[in-house]
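Let's take a walk through this model together, starting with its charged side chains and ending at its surface.

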Amino acid sequence: MDLCAKRYASPFSLLDIYIEMGRLDEFVVQVWDAYEEDKIFEIWLHKVDGKSFESFRESVMPTRIEPITSEMVTVTVKESRSILDGFSPDRR
């Protein structure tokens, strides 16, 4: 809540709007990303020399993992089954 209060004048009404829209999770992620960006900027501003902010941010930000889709799960299960088809624990 503190992150919202620092950034927005009326965080409660803003949160109510996002809750009504069913998008509170997206808003929380957005606020957290902005907080991380601010922290990285402060570190770059006071501690980093000889590197642009963009290159510094890319070097310290974790890479985003793309969400797992049902197609990806299906492909993984098929590949796993094909591996297990040739496996026989009795064979030495």
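Which side chain meets that of Arg23 in a salt bridge? The partner is Glu26, at 3.0 Å from N to O. A salt bridge here is a side-chain nitrogen of Lys or Arg within 4 Å of a carboxyl oxygen of Asp or Glu. Before going on, please keep in mind that this is a predicted model, where local features need pLDDT of at least 70 and side-chain atom pairs count only at pLDDT 80 or more, while totals for chains, interfaces and linings use all residues. Residues are numbered from 1 along each chain as its sequence is written, and side-chain values use heavy atoms, with hydrogens and water left out.

Both ends of this first pair are partly exposed, a class that lies between buried (under 20% relative accessible area) and exposed (over 50%), using a 1.4 Å probe and protein chains only. Arg23 has a relative accessible area of 36%, and Glu26 has 43%.

The structure holds four salt bridges in total. Another one brings together the side chains of Arg7 and Asp38, 2.4 Å apart from N to O. This pair links distant parts of the chain, since Arg7 sits in helix H1 (residues 2-7) and Asp38 in helix H3 (residues 24-47), 31 residues apart. Helices are DSSP runs of H or I with at least four residues, numbered from the N terminus. Arg7 is partly exposed at 38% relative accessible area, and Asp38 is partly exposed at 40%.

Now turn to Arg57, whose side chain meets that of Glu37 in a salt bridge of 2.5 Å, N to O. Here too distant parts of the chain are linked: Arg57 belongs to helix H4 (residues 53-60) and Glu37 to helix H3, 20 residues apart. Through shared partners, salt bridges join Glu37, Glu54 and Arg57 into one network. Glu37 counts as partly exposed because its relative accessibility is 25%.

How do the two helices H3 and H4 pack? Their axes, lines fitted to C-alpha atoms over the stretch in contact, are 10 Å apart. The angle is about 120 degrees, on a scale from 0 to 180 degrees between N-to-C directions. H3 is therefore oblique to H4, as angles under 35 degrees count as roughly parallel, over 145 as roughly antiparallel, 65 to 115 as roughly perpendicular and the rest as oblique.

Finally, find Met72 in helix H5 (residues 70-85). At 35% relative accessibility, this residue counts as partly exposed.
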